[in-house]
Amino acid sequence: VLNDFRGSSLAAVVMLTDGVTTEGEDLVKVSKYAHQMGVPLFFVGIGDAQEVQDLYLHDLTGPDSAFVNDRLVFTVHVAAQGYNRLSVPIRLREKGKDKVLDQKTVHFDGTNKTVKVVLTHQPTEPGEKLYVIDVPGQEDEVTTENNRLQRAVFVHEGRQIKVLYIEGYRRWEYHYLKTLLERESNRIKGNKSIDLKVLLLGSDPQFASEDRSAISEFPTKAELNSFDVVLLGDVDPQSRVDPKMTEHLKDLADFVRERGGGLLMIAGERYAPNAYKDSPLKDVLPIDVTTDRAPENEDITEPYRPLLTPMGRTHQIFQFSPGDERENEAIWDRLREMYWHADGYRIKRAAEVLAVLPKKGGDKGSANGQPLVVQQFAGAGRSMFLGFCETWRWNWREDQAYFNRFWIETVRYLARTRLGRIELRLDRQTSYRRGEPIKMTVRFPDDAPPPSPDVEVKVTVERRNPAQPGDSEVRTVKLSKVEGSRATYETLLTQTPEGEYKFWLASPSATPKPRAECKVVRPPGEMERLRMNQADMERAADESHGRFYTLADADNLLDDLPTGTRVTVNAPGPPYVVWDHFALFLLALGLLTTEWLLRKQKNLL
């Protein structure tokens with residue numbers, strides 16, 4: 001409208017609307033353009049500005065797979081829209097069962113609209129588990145469809161996690177960590193969960209024969225692939241002790257990328273990570289080394305405590321008191337501080353930062369961005385980097401349990417990338433809009449032979465229309481192998497009408513069958529947001545020097561409208577009125593008289 005009336009005497013624009021934009025630029029952006037054009041916007045709000053009352057869950061995170069007796073940590077956000085004071089329970093159950101596995105009560109006092117909740121559970125039986133997190137519906141709630149979320153977790157039989165710990169020399173971190181991983185499994189009879197092998201490059205030749213967990217040389221590629229997790233300490237990548245170190249590091253990179261293993265680098269004062277700038281591990285590590293010079297070994301007297309990022313506070317390796325954020329934060333603040341940290345590196349674009357270095361002299365919540373705990377997926381596996389080597393300081397009196405929990409959970413977390421199970425995943429955990437393609441991915445485990453070239457990988461898709469229970473559609477789609485992958489297959493489902501979708505692997509046969517679920521909902525339209533958008537209308541009116549009215553004071557609109565101004569085109573002064581001037585009348589009379597005389601003279605009359 002503003003463009004159509006460009007250059008005209010447009011005095012104002014009056015809109016009777018609810019202020020909700022379903023397509024195109026919103027009112028606030030348009031009001032800035034209207035201000036430039038000198039056209040005020042006047043709004044008469046139609047509808048109710050009161051928020052509709054709705055409880056809903058969103059942003060559910062949790063593991064995809066685990067072992068029996070693993071601690072599963074689910075994080076979910078609960079939002080209360082339109083409620084001032086409300087207390088509701090958030091429950092964790094297994095689908096099809098009434099038993100509540102964990103429950104937290106959330107309190108809304110009108111100031112907090114969204115609350116993060118952490119729920120935990122330890123499964124005791126293996127199998128495919130579908131966990132449901134829900135909040136009870138309220139009587140005045142507009143809809144209860146968004147009051148529950150689901151998370152599928154495959155629980156494997158408990159087995160030993162094979163860990164290889166490679167260290168360059170004896171240091172405090174090595175002594176404490178080696179002792180923990182050797183003794184962790186003996187504390188409870190029948191609970192041996194970690195099988196540790198240690199390669200100490202700076203040890204004496206007879207060390208391997210004296211220590212039951214020690215090995216004398218770097219494993220071959222086949223032997224390396226039998227491990228689940230590799231802990232890499234302060235090791236010289238150009239070590240003279242082992243002239244084949246470069247080849248071993250290449251095997252270690254393949255162990256992560258191709259075999260789906262977990263790798264953790266523990267920084268050190270001599271080599272890690274600066275000596276790995278151009279090593280075969282540079283593409284696997286979650287950091288890019290910027291300098292090959294190790295930090296100077298100066299006398300460090302100022303202690304620090306790593307500052308957890310929002311992602312780190314919910315990560316399982318830092319969950320010392322699961323489900324209680326305040327207690328967990330109190331435990332973290334009580335742990336003993338560190339002194340040394342690595343530098344000379346930056347995180348990769350796809351990496352996630354779990355902890356950073358606090359800003360010197362700043363308050364507790366400030367950080368200078370130096371990452372200390374970083375993780376990322378690398379091919380089929382997962383890699384992590386610790387920019388410090390003083391977690392042994394946590395092994396102090398009653399805090400020893402937290403040191404133990406941190407390392408045991410870290411090893412378990414890295415080992416979960418190699419759970420031998422066929423995976424069927426969708427590219428989105430939330431719902432899709434009608435017409436949006438659904439990407440399906442089937443990945444076969446790395447510790448099993450891939451399907452032969454003549455085997456077709458197919459997925460069965462079942463769609464049900466909730467509005468018509470009897471309306472269902474079943475079809476089978478074929479997946480294509482991803483170029484360059486070992487055993488990963490993908491396809492796009494392009495025809496996606498509204499409904500509830502279920503997917504399961506049809507070919508080749510597998511036990512248990514990998515499954516996935518999702519919903520396809522209608523695109524947003526006029527009925528998506530029913531609340532009057534009064535805030536945007538008021539902002540747009542102020543920006544354009546107009547006004548906003550409700551139906552109660554809309555009678556004042558006509559009195560407040562501007563009168564407007566006439567637009568003159570190329571006129572230096574006020575216009576002259578000549579049509580009814582006496583001289584114009586004499587001119588017209590003279591012309592008519594002259595014509596009559598000429599005609600008379602020529603005998604034309």
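Mentor: This is a predicted model, in which local features need pLDDT of at least 70 and side-chain atom pairs count only at pLDDT 80 or more, while totals for chains, interfaces and linings use all residues. Residues are numbered from 1 along each chain as its sequence is written, and side-chain values use heavy atoms, with hydrogens and water left out.

Trainee: How many salt bridges does a search of the whole structure find?

Mentor: A salt bridge here is a side-chain nitrogen of Lys or Arg within 4 Å of a carboxyl oxygen of Asp or Glu. Over the whole structure, the search gives a total of 26.

Trainee: What separates Glu247 and Lys250 within helix α5?

Mentor: Helices (H or I, at least four residues) and strands (E, at least two) are DSSP runs, numbered from the N terminus. Glu247 and Lys250 form a salt bridge whose closest N and O atoms are 3.9 Å apart. Because the two residues lie three places apart in helix α5 (residues 245-257), what separates them is about one helical turn.

Trainee: Is Glu247 buried or exposed, or does it fall in between?

Mentor: Buried means under 20% relative accessible area, exposed means over 50%, and partly exposed lies in between, with a 1.4 Å probe and protein chains only. The relative accessible area of Glu247 is 45%, so Glu247 is partly exposed.

Trainee: Which strands hold Glu490 and Lys439?

Mentor: The side chains of Glu490 and Lys439 meet in a salt bridge, at 3.6 Å from N to O. This pair links distant parts of the chain, 51 residues apart, with Glu490 in strand β27 (residues 488-493) and Lys439 in strand β23 (residues 438-443).

Trainee: Which residues gather in a patch of positive charge on the surface?

Mentor: Patches are made of residues with over 30% relative accessible area and no salt bridge, where like charges are joined within 9 Å and nonpolar side chains (Val, Leu, Ile, Met, Phe, Trp, Tyr) within 5 Å. Lys and Arg count as positive and Asp and Glu as negative, whereas His and the chain ends are not counted. One member, Lys519, is found in strand β29 (residues 515-521), and it counts as partly exposed because its relative accessibility is 41%. The patch as a whole gathers Lys95, Arg148, Lys502, Lys513, Arg515 and Lys519.

Trainee: What is the area of the nonpolar surface patch made by Val14, Leu16, Ile46 and Leu551?

Mentor: Leu551 is found in the loop between β30 (547-549) and α10 (557-560), and at 60% relative accessibility Leu551 counts as exposed. Accessible areas come from the Shrake-Rupley method with a 1.4 Å probe, and for residues only the protein chains shown count as cover. For the patch made by these four residues, the area is about 380 Å².

Trainee: Which residues is Gly387 in contact with, leaving aside its neighbours within four places in sequence?

Mentor: Gly387 has its place in the loop between β20 (381-386) and α8 (400-415), and its relative accessible area of 0% is why it is called buried. Contact means heavy atoms within 4.5 Å. With those sequence neighbours left aside, Gly387 is in contact with Ala267, Trp340, His341, Ala342, Tyr345 and Leu372.

Trainee: How far apart are the C-alpha atoms of Asn328 and Val39?

Mentor: Asn328 is in helix α7 (residues 325-334), and at 7% relative accessibility it counts as buried. Along the chain, Asn328 and Val39 are 289 residues apart, and the separation of their C-alpha atoms is 56 Å.

Trainee: What is omega for the cis peptide bond that joins Ala272 and Pro273?

Mentor: Pro273 is found in the loop between β14 (262-266) and β15 (287-289). The peptide bond from Ser507 to Pro508 is also cis, with omega near -5°. For the cis bond joining Ala272 and Pro273, omega is about 5°.

Trainee: What is phi of Arg397, a residue other than glycine?

Mentor: Arg397 is found in the loop between β20 and α8, and it is exposed, with a relative accessible area of 64%. Its phi has a positive value, near 55°.

Methods
The place of a charge is taken as NZ of Lys, CZ of Arg, CG of Asp or CD of Glu.
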